[in-house]
Amino acid sequence: MLRSFTPKTRSSALLQFARAYSSAKEFDTVVIGGGPGGYVAAIKAAQLGQKVACVEKRETLGGTCLNVGCIPSKAMLHNSHLYHEAKHGFAKRGIDVGEVKLNLDQLLADKDKAVTGLTR
């Protein structure tokens, strides 16, 4: 059986449906996205006395740059520069370190540590 909704009953039915599947909490401000703009906006709204929710799809705040973009890339780039310097530049400066090998597992762990240190 089809039921027709007038605009008033339709919004009432949608509201009841939404309330059935949401938490009972109410917020003054809801910020969508915990990136560099989102979490700063959420903090500022809270400082101004508002009850704030910040919605983020990842487990940590910081957005793409912090979690999977800029920061992890820069950590890997820094480590690759150190490797290159140890492999090719130390001997020119009179520093003998023997054979330099790359440990990719440790390199990735260091990158993860850099990200985790900034997101916890």
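Buried means under 20% relative accessible area, exposed means over 50%, and partly exposed lies in between, with a 1.4 Å probe and protein chains only. The model is predicted, so that local features need pLDDT of at least 70 and side-chain atom pairs count only at pLDDT 80 or more, while totals for chains, interfaces and linings use all residues. Residues are numbered from 1 along each chain as its sequence is written, and side-chain values use heavy atoms, with hydrogens and water left out.

Q: Why is R93 called exposed?
A: R93 has a relative accessible area of 57%. Exposed requires over 50%, and R93 is therefore classed as exposed.

Q: Why is the pair R58 and E56 called a salt bridge?
A: The closest N and O atoms of R58 and E56 are 3.9 Å apart, and the pair therefore qualifies under the salt-bridge rule. R58 is partly exposed because its relative accessible area is 27%.

Q: How many salt bridges does a search of the whole structure find?
A: The search finds three. One of them joins K111 to D112, the closest N and O atoms being 2.9 Å apart.

Q: Which residues is K111 in contact with, leaving aside its neighbours within four places in sequence?
A: Contact means heavy atoms within 4.5 Å. On that basis K111 is in contact with P72, A75 and M76. K111 is placed in helix α5 (residues 104–119), helices being DSSP runs of H or I with at least four residues, numbered from the N terminus.

Q: Why is L107 called buried?
A: L107 has a relative accessible area of 17% and is therefore buried. L107 also lies in helix α5, and touches M76, N79 and L102, not counting residues up to four places away in sequence.

Q: What makes the charged end of K51 sit over the ring of F27?
A: The rule asks for NZ of Lys or CZ of Arg within 6 Å of the ring centre and within 35 degrees of the ring normal. The charged end of K51 is 5.7 Å from the centre of the F27 ring, and sits over that ring.

Notes: Helices (H or I, at least four residues) and strands (E, at least two) are DSSP runs, numbered from the N terminus. A salt bridge is a side-chain nitrogen of Lys or Arg within 4 Å of a carboxyl oxygen of Asp or Glu.
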